[in-house]
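Me: I'd like to go through this model with you, one topic at a time. Could you keep the terms defined as we go?

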Amino acid sequence: MATVNKNLSEYDKNTVPDARNFRFGIVVSEWNEIITEGLFDGAIQTLQENQVPSQNIIRWNVPGSFELIYGAKKMLQTQNVDAVIVIGCVIQGQTKHFDFVCEGVTQGIKDLNVQTDVPVIFCVLTDNTLQQSIDRSGGIHGNKGTEAAIAAIKMAYIRQQASLSHQIDNQHLLSSGALQIENLPLQLEE
């Protein structure tokens, strides 16, 4: 497993960008609440440790992990956030439902990352047992919510830097005269 010999809660604070001015959305599944609340606690604590003010964190709850996609989409459309963290937990059962939910949520969050300009961070545990989820939501392997919060901060920073770089490039083109818009009268054809 990916978490063997790794504590999900450990990170080097020196590698985390200044997050004071970023706004974060967190969409939390109510299904497997004992796990998702643990993941949320790890995420919120990490954001606050990195100077994100409480008023810059928006939390929405959705019924289950499959609904994380719609919740994140609506948050992206209606809230001015720099990154969204989706938190859920799907535990293997005796039917194929696990496979369908995991695949759908994974693809849905991937699609949001491709279609929008705001990063959506995947913090959905897909474990075989409840104990594995407990171990990754504040247990012996640390907290995946912490890891997701650090990823959100870093991705918000990348988004900010890319936007600034784009603005500087465009300004350079305009000031150098390399990009000019012709001033021609508008002609309508009938």
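Me: Is Glu 37 buried, partly exposed or exposed?

Reply: Glu 37 is partly exposed, with a relative accessible area of 25%. Here buried means under 20% relative accessible area, exposed over 50%, and partly exposed in between, using a 1.4 Å probe and protein chains only. Please keep in mind that this is a predicted model, in which local features need pLDDT of at least 70 and side-chain atom pairs count only at pLDDT 80 or more, while totals for chains, interfaces and linings use all residues. Residues are numbered from 1 along each chain as its sequence is written, and side-chain values use heavy atoms, with hydrogens and water left out.

Me: Which residue does Glu 37 form a salt bridge with?

Reply: Its partner is Arg 59, and the closest N and O atoms of the two are 2.5 Å apart. A salt bridge is a side-chain nitrogen of Lys or Arg within 4 Å of a carboxyl oxygen of Asp or Glu. Because Glu 37 lies in helix α1 and Arg 59 in strand β2 (residues 57-62), the pair ties together parts that are 22 residues apart in sequence. Helices (H or I, at least four residues) and strands (E, at least two) are DSSP runs, numbered from the N terminus. Arg 59 counts as partly exposed, at 29% relative accessibility.

Me: How many salt bridges are found in the whole structure?

Reply: The search finds six. Among them, Arg 20 and Asp 18 meet through their side chains at 2.7 Å, N to O, with Arg 20 partly exposed at 47% relative accessibility and Asp 18 partly exposed at 46%. Lys 110 also forms a salt bridge with Asp 111, where the closest N and O atoms are 2.7 Å apart; Lys 110 is partly exposed at 40% relative accessibility, and Asp 111 is partly exposed at 29%.

Me: And which residues are linked in a network of salt bridges?

Reply: Asp 82, Asp 117 and Arg 159 are linked in that way.

Me: Changing topic to the inside: which residues have the most contacts in the largest nonpolar core?

Reply: They are Phe 24, Ile 26, Leu 47, Ile 85 and Ile 87, in a core of 27 residues. At least two core residues come from each of β1 (24-29), α1 (33-49), β3 (83-91), β4 (120-127) and α5 (144-176). Apart from this core lies another, of 20 residues, including Ile 58, Phe 98, Leu 112 and Val 120. A nonpolar core is a set of buried Ala, Val, Leu, Ile, Met, Phe, Trp, Tyr and Cys residues joined through side-chain atoms within 4.5 Å. As background, nonpolar side chains tend to be buried together in soluble globular proteins.

Me: What is Ile 85 in contact with?

Reply: Leaving aside neighbours within four places in sequence, Ile 85 is in contact with Gly 25, Ile 26, Val 27, Ile 121, Cys 123, Ala 148, Ala 149 and Ala 152, where contact means heavy atoms within 4.5 Å.

Me: Where does Val 52 lie, and is Val 52 buried or exposed?

Reply: Val 52 is in the loop between α1 and β2, and Val 52 is buried, with a relative accessible area of 3%. Not counting residues up to four places away in sequence, Val 52 touches Ala 19, Phe 22, Phe 24, Leu 47 and Ile 57.

Me: What about Thr 36, buried or exposed?

Reply: Thr 36 lies in helix α1 and counts as buried, at 0% relative accessibility. Beyond residues up to four places away in sequence, Thr 36 touches Val 28, Ser 29, Trp 31, Ile 87, Gly 88 and Cys 89.

Me: How many disulfides does the search of the whole structure find?

Reply: The search finds zero disulfides, a disulfide being a pair of cysteine sulfur atoms within 2.5 Å. For Cys 89, the nearest cysteine sulfur is that of Cys 102, 9.2 Å away, and Cys 89 is buried at 1% relative accessible area. For Cys 123, the nearest cysteine sulfur is that of Cys 89, 9.8 Å away, and Cys 123 is buried at 0%.
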